[in-house]
Amino acid sequence: ANGKLWGGRFSNQSAAWIDEFGASITFDQEMAHEDLEGSIAHAQMLQKTGIIPVEDAAKIIAGLHDIQTDLHENKIEFKASLEDIHMNIETILTKKIGPVAGKLHTARSRNDQVATDLHLYLKNRLPEVIAVIHDLQVALVKKASANIETIMPGYTHLQHAQPISYAHYLLAYYEMLQRDIERFNFNIKHTDINPLGAAALAGTTFPIDRTYTTDLLNFDTLYSNSLDAVSDRDFVLEFLSNASILMVHLSRFCEEIILWCSYEFGYLELDDSYSTGSSIMPQKKNPDMAELIRGKSGRVFGHLQSLLTTMKGLPLAYNKDMQEDKEGVFDTVKTLIPSIKIFTGMIETLKIRQDKMLHATERDFSNATEFADYLASKGMPFRQAHGIVGELVLEGIETNKTLQEIPFEKLKQISPLIERDIYDKLTSKQAVARRNSFGGTGFEQVKKQVTLAAEKLNLT
Ligand code: ARG
């Protein structure tokens, strides 16, 4: 024996640095609470089924409760020589209650144990992820409600396309976040499954009661196949994938904030509390938080890529490679939640330069579609209208005149269909207001969507 919990068939020791390479305790101690929770449920099940004597189970359970208290009071010291959280806790338990602690691992393996821990860990955190996304949605809808008539240039290819309502822009992100929430809710479904009792891979000869541990751990249901139970990490991949998609959303939004806070755009100003200065340039106000959230998307994508790669060639069932599943998840949780929270604060305190936004739509030909639509609505084929307006734009660019500055007589020559009401239709305000198709940027549509969103968020 080599002194390890599993050391019976070993005669030689590995060097400490090799043990360290194989150990996961430096990071899996993050799941210490979940590991204790899982062990307590397992011990209760062993007790109820009579697999171990009632008094022994009682000692084990009391010892585990004791460790829970020590953990809360920060009195526990983990050791790399004990490899992982499971064997650290078993060793601590043995020190507390003696060899009877060894009965805890009856009808269990570290393979179903670690899977249980990870399921519990994620199950415990997903509601918080969803709650912070919800708070961000609230911030967006409040801002949107105050900015229904705030007009900004809408872009495609980052070129001025058509004027839109700033609230409409904000609500686009509200919708993305709604899908994020739905994805995380679905993720809960696949996380809320109990693998405990799968044992190493094949189930166990003991008359265990898996439904009982499922109830005790408050899992929604249990795995039906023991091989799947210990080798499934889909729920983690789903989490990393959902987190990546969410970070894509935040990152795109951050990019716009960063761009729009620049001197050239000047549409937005971040609150001082979400900005930083320069150590050399006294005038600087940098959107560091927005940049950092955009930057942190990279590490979350990395964790997804990393686990996909780890999992893709693994034969069933457990392989030690799977120990690599944890750090990425922990780091993603620790990146995602603060990113969303900081982003929310940034939005709540964001100043919107309505004049700048509006001004950007006033000399830019982003009303060219209105002009073409105007002619088309009077019976001219849209293609022909498009051509005519295109020529006017070209001339306007050359003579530095906007469409609304072209004298009426000139317009009349171009087409007798044009009346004086064209000038009103060419204003940005009308251009936005009249896009009243369902889901469009028209003020009425946007107002409706703000109301619907506010209702969904219980803001009314
Ligand atoms: N520390 C391991 C992990 O994180 C626990 C499971 C180990 N099981 C085993 N048979 N080596 O995956």
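Which residues of H4 are buried? Keep that in mind as you open this predicted model and follow the stops below.

**Stop 1: helix H4**

Select residues 54-72, which form helix H4. This helix has 19 residues and reaches 27 Å from its first C-alpha to its last, close to the 27 Å expected at 1.5 Å a residue. Now colour Ala57, Lys59, Ile60, Gly63, Leu64 and Ile67: these are the buried residues of H4. They cover an arc of only 155° around the axis, which puts them on the same side of H4. The background is simple: an α-helix has 3.6 residues a turn, so residues three or four places apart point the same way.

Turn to the other side of H4, and you will find Val54, Glu55, Ala62, His65, Thr69 and His72 exposed. Just after H4, click on Asn74, where phi is positive at about 60°.

**Stop 2: the loop to H5, and H5 itself**

Move along the loop between H4 and H5 until you reach Glu83. Its phi is near 70°, a positive value in a residue other than glycine. For comparison, most residues other than glycine have a negative phi, and most peptide bonds are trans. Glu83 counts as buried because 22 other C-beta atoms lie within 10 Å.

Next, select H5, with 13 residues and a reach of 18 Å from first C-alpha to last, close to the 18 Å expected at 1.5 Å a residue. Here Ile85, His86, Asn88, Ile89, Glu90, Ile92 and Leu93 are buried. Gly98 follows H5, with a positive phi near 85°.

**Stop 3: around the ligand**

Where does the ligand lie relative to domain 1 (7-106) and domain 2 (111-359)? Both domains give residues to the shell around the ligand, so it lies between them. Select Ser24, Asp28, Asp84, Arg110, Asn111, Val114, Tyr318, Lys320, Met322 and Gln323 to display the residues around the ligand. By class, this shell has 3 nonpolar, 3 polar and 4 charged residues. Helix H6 (residues 110-145) provides the largest share, 3 residues.

While you are here, select Leu316 and Ala317, which are joined by a cis peptide bond with omega of about 0°. Ala317 is in the loop between helix H11 (288-312) and helix H12 (326-348).

**Stop 4: domain 2 meets domain 3**

Zoom out and colour by the domain assignment: domain 1 (7-106), domain 2 (111-359) and domain 3 (368-456). The centres of domain 2 and domain 3, taken over C-alpha atoms, are separated by 39 Å. Their contact takes 15 residues from domain 2 and 13 residues from domain 3. On the side of domain 2 that touches domain 3, H6, strand E2 (159-165) and helix H7 (166-191) each supply at least two residues. That side divides into 10 nonpolar, 4 polar and 1 charged.

**Stop 5: two loop residues**

Pick Asp192, in the loop between H7 and strand E3 (193-194). Asp192 counts as partly exposed, with 19 C-beta neighbours inside 10 Å. Leaving out residues up to four places away in sequence, Asp192 touches Lys123, Phe219 and Asp220.

Finish at Phe365, in the loop between helix H13 (354-359) and helix H14 (368-377). Phe365 has a positive phi near 65° and counts as partly exposed, with 17 C-beta neighbours inside 10 Å.

Note on methods
Residues numbered from 1 in each chain as written. Predicted model: local features only at pLDDT ≥ 70, side-chain atom pairs only at ≥ 80, totals over all residues. Near = placed C-beta within 6 Å. Helix = DSSP H or I, 4+ residues; strand = E, 2+ residues; numbered from the N terminus. Nonpolar A, V, L, I, M, F, W, Y, C, P; charged D, E, K, R; others polar. Domains from an automatic or database assignment. Expected span 1.5 Å × (residues − 1). Buried ≥ 20, exposed ≤ 12 C-beta atoms within 10 Å, placed from the backbone. Arc of directions from axis to C-beta. Contact = placed C-beta atoms within 7 Å.
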